[in-house]
Every structure is written in structure tokens, then in C-alpha cells.
Amino acid sequence: MYGVVGGGLAGLSAAVRLREAGHAVRVFEASDAVGGRARTVDTAGDPVARFPHYLSPTDDALQSLATDLGLGERIVRGRGRTARYRDGVVHRIDAPWERLAYPGTGLVDAARARRLARAVRSLGGAPADLDATTVEAFVADRASRATYEGYVEPVLRAEFGDRAGDVSAAWLAEWLRSREARGRSGTSVGHVDGSTARLVDALVESIGEEAVRTGSRVAGIGLGVGDDAGSGGPVSLAVETPTGRRVVECAGVVVAEGPAVLEDLTGIDPGVEAIPGASALVTTDDPIVDSWRVTVEPGALSGGEDAPFGTLFGHTNLVPPERYGSDHLTYLVGRGGSLAGGSDGDEDDGSDGDDVDDERLRDRWLSALADLFPSVSREDVRSVRVARDPAAAVAAPPGEVLSVDLGEVGVPGVAYAGPGSRLDRFGGSLDARVAAGVAAAEAVAGVGTTGSGATDDGTTADPASDPDGAGFEWE
């Protein structure tokens, strides 16, 4: 039996891959529900994800997973208009003439930005040159300081908050790839029709509900001893449940949590820092903006301060508001300690030792929203629902990449599927989390050598009746 630590999309994808190869599997999720960032909340119509999730045309891993689960037709695409907020104005930047007219970059810097994109693409995915330095240093060297400040930095800060200056230039390749489908009418954007809840439900059904344990926090990982020590198993999990602490013996383990959890469980120094994030889902009668995505420039507030959120997603500018009872839904997204205003629970956000609870965050963000858009008053806002993610992104510095197969760094029988790994270098993307989960399953178990539904000895694995290798059945 294989254990999966974490019931988010990466963990569920890893579990499905293991089950396809016929292995019994258990998913241990500390909270009361699986799904992680893909969890949803109710609206007046369809449910909607707590965090904004959209697909670019290059997001093959999630599309492939959805197809395998019979949901391929549920991935629908549209055109999303993109814009930037600067000096009190929302400037659209899709069409070439819109980008040339944008006051953040002049004609010279626009030309330099195009040369920068060509320089990054010319590396052809060979990241040695990119991963040798930071985004800031690379852009300033290959284009200009003005190009960095006007073209790249606003997006980088929206993604990584106050850690933007530490991020490897390898991020540029991912960013530019996501923009390849942009045209004068917007960029190609995909989403799961009916919300990500459909995807989570299908994953759980494929794994088997009996194999998913919520309210089960993995408190420790122990490597086996004896003939198998150092060869990938056995591995024991110390699992804390409402009824007590149990030890579960596994053939291998996938850790699908953030870098901090990985360090707690294995002692591995991840070398990367998770960036906390917050998302506020705002419900109004009328749209706040007329674009799908608006990046807020630094210093955008009337007093010259940064807004506490770096991006607005006009969700119902992409998905018809009729799907949500004619309500208009807008996500406000902030990253980093000072931007997000704290992480989940009572943990310190790492900014100034002062957590910001949901009520204070709502007040601060609504005040900033009214400052940016004076026509939007608090009376216009019907609801604000806050969600938090302690690992919304990863500020991966140059050269720092977490191994997928942790046997390479002295922890045999364990694979990592969280943000910061090779396939999910910077976090944030659902597609990357799916790819990381599948890769971790294959690394820990050599998945693919047996047919779907067959165990290693040719029999059928039953996730409900198979004991967890510790002499007990789960209650």
C-alpha cells in the first residue's frame, strides 16, 4: 500500500496514478475535506472555486487528466481580456496598439520587451542561462531597467509579493509560454465547466472514497529498517486522527504538501520559500471591471502605497453571470506576507509578526478596492469570502529545485509532489500540480508496469478492504 500526504489536486492525481497501476493507496488529508486550492463555495447558481483557476493552452496535464476521468468536454475555453491598472485607469494591453499606448512602457521599452521575449524563447527550455540569475537581473541586463519596472515587475510582484526580487529568471519562460495565445481580442483561457468540484469528485471516485482519510494529519515519516532499508521501503507514517495516533506501514509515500511540511516530515531543507496568499471572492450586482484579468501596478493607491492585492480576476467576464444567479464575481488575489495579510489559521505570516484575521483583511481590501475604483462602494458589495493558502506560490531562487524522487537526497521510498519541485517550480498552477502529482507517483512506485486495476501480482487491488499494513482497519 502507498501513502499520499495531502488531499489537494497534486495528492489526488498521484493517488489516481497509483491506483491505475493497481496499487492500493491511502490519501491522508489533515483538514475536513479534500481538494485543497480546488475546493469550492456555493453561489446562487453553480459552485465556484475559492481561488481563481484558469488554464492556458499549454496546460496539457490537467486536460489529459480530465479526459481520462471522462471530463474532457468539461474543459471549455473562451477569450479573456487582460489589462493593467495604473494612475487610476484600467489600460487594456491585448492588442499591439494597446500595449504601445500603455503609459508604463514607451515605444523603446516595448521594442526591448519583444527582444527580451525572443531571447528567452531562443533558449528553448534549456534553463541554464535563465536559472543562473534572478528575473530582475536578467531583464535589466538583456533589456533595460525600465523594461523590468514597467513590463515585468508588476506581474512578478503580483505573483510573489515582496519576494519578487529573489525569483529565478527561469520563471520568465513559464510566464511567456502562458502568454503565447494572446491576441487582439484577449488571451485563450480555459476553465472547468461547473467548477473544479467536478474534477475533485471524479478524482475521489476513481481512487475510492474509502481510501481517502480526512481529518488525518501525518505527523512524521519513518524509513524502514532491515533488508529493504535504503531501497525505497518500507516507509511508516505516523497519522494523527480524532481517535488517536496510528502508525501506517507503506511501500512508499508521496508528499503532496508545501515545502514547510516536507521539511517537518523529512528534515530536508527545501531551499525555497513558500509564499502565503489570500483570495477574496467579491459578489456584486454589477461588474467591477470589464476585463478578465487586471494586474495592479505597485503604488496604485491614491496615497502612493501598494494595494494589498496584486491582481483582480473578473470571473463573470469570462463565465456568464447567469451561471451564478446573475451575480457578478470578482477575485482579489494577494501574495506574500504584507500583501496577503497572514496565512491560514494562527500562523505568523512572516511579515511583521501580526496576523490579519479575515474580518480585518476584508476591511482593508474593500477600502483599497474603493480607493482604486471610487464608483464601487461598500454598499455595492453583497459578500466577500476569504480563502487562504500558506503555499500559494514558491519564490524559487536561481538553481534551487526540489527533487521529485527524494531517494536522490537520502530519503528513499518518498517522492515530493508539492510546489517547488521540478514540475511545479513556482507553484500556483493547477496544471503544474497535476503534473507534479503524476511524476511523484511514477517516481515512488515505478508506475506503468501493470495494467489499470491490477496489483503487482496480477490480482485486483481493493482500496476498501485492504488493511493499512499496521494491523487495523480504519473506522
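Predicted model: local features only at pLDDT ≥ 70, side-chain atom pairs only at ≥ 80, totals over all residues.
**Stop 1: His53**

Is His53 buried or exposed? His53 has a relative accessible area of 10%. Buried means under 20%, so His53 counts as buried.

Now show what surrounds His53. Leaving out residues up to four places away in sequence, His53 touches Arg37, Ala38, Gly190, His191, Thr196 and Leu430. Pick Arg37 from that group. The backbone oxygen of Arg37 lies 2.6 Å from a polar atom of the His53 side chain.

**Stop 2: Asp131**

Next, select Asp131. Look for Asp131 in the loop between helix 4 (107–122) and helix 5 (135–142). Asp131 has 16% relative accessibility, so Asp131 also counts as buried.

Which residues does Asp131 touch, not counting those up to four places away in sequence? Display Ser168, Ala170, Pro397, Pro398, Gly399, Val401 and Arg425. The side chain of Asp131 makes a polar contact with the side chain of Ser168, at 2.5 Å. The Asp131 side chain makes another polar contact, with the side chain of Arg425, at 2.9 Å.

Along the sequence, Asp131 and Ala169 are 38 residues apart. In space, their C-alpha atoms are 5.6 Å apart.

**Stop 3**

Two packed helices are described by the angle and the distance between their axes.

Where do the two helices meet? On helix 4, select Asp109, Arg112, Ala113 and Leu116. On helix 6, select Ala146, Thr147, Tyr151 and Val152. Colour the contact by class: five residues are nonpolar, one is polar and two are charged.

**Stop 4: the sheet**

Finally, turn to the strands. Strands of a sheet pair through backbone hydrogen bonds, either parallel or antiparallel. Find the open sheet of five strands, in the order 10-2-1-14-20. The pairing here is parallel.

Which strands form the edges? Select strand 10 (212–213) and strand 20 (414–416). Each of these edge strands pairs on one side only.

Zoom in on strand 14 (residues 252–255) beside strand 20. The two run parallel, joined by three bridges. End on Val253, whose bridge partner in strand 20 is Val414.

Key: Residues numbered from 1 in each chain as written. Heavy atoms only, no water. Pairing = 2+ DSSP bridges. Helix = DSSP H or I, 4+ residues; strand = E, 2+ residues; numbered from the N terminus. Buried < 20%, exposed > 50% of the residue type's maximum accessible area, 1.4 Å probe, protein only. Contact = heavy atoms within 4.5 Å. Polar contact = N/O pair within 3.5 Å; in protein donor to acceptor, adjacent residues only side chain to side chain. Nonpolar A, V, L, I, M, F, W, Y, C, P; charged D, E, K, R; others polar.
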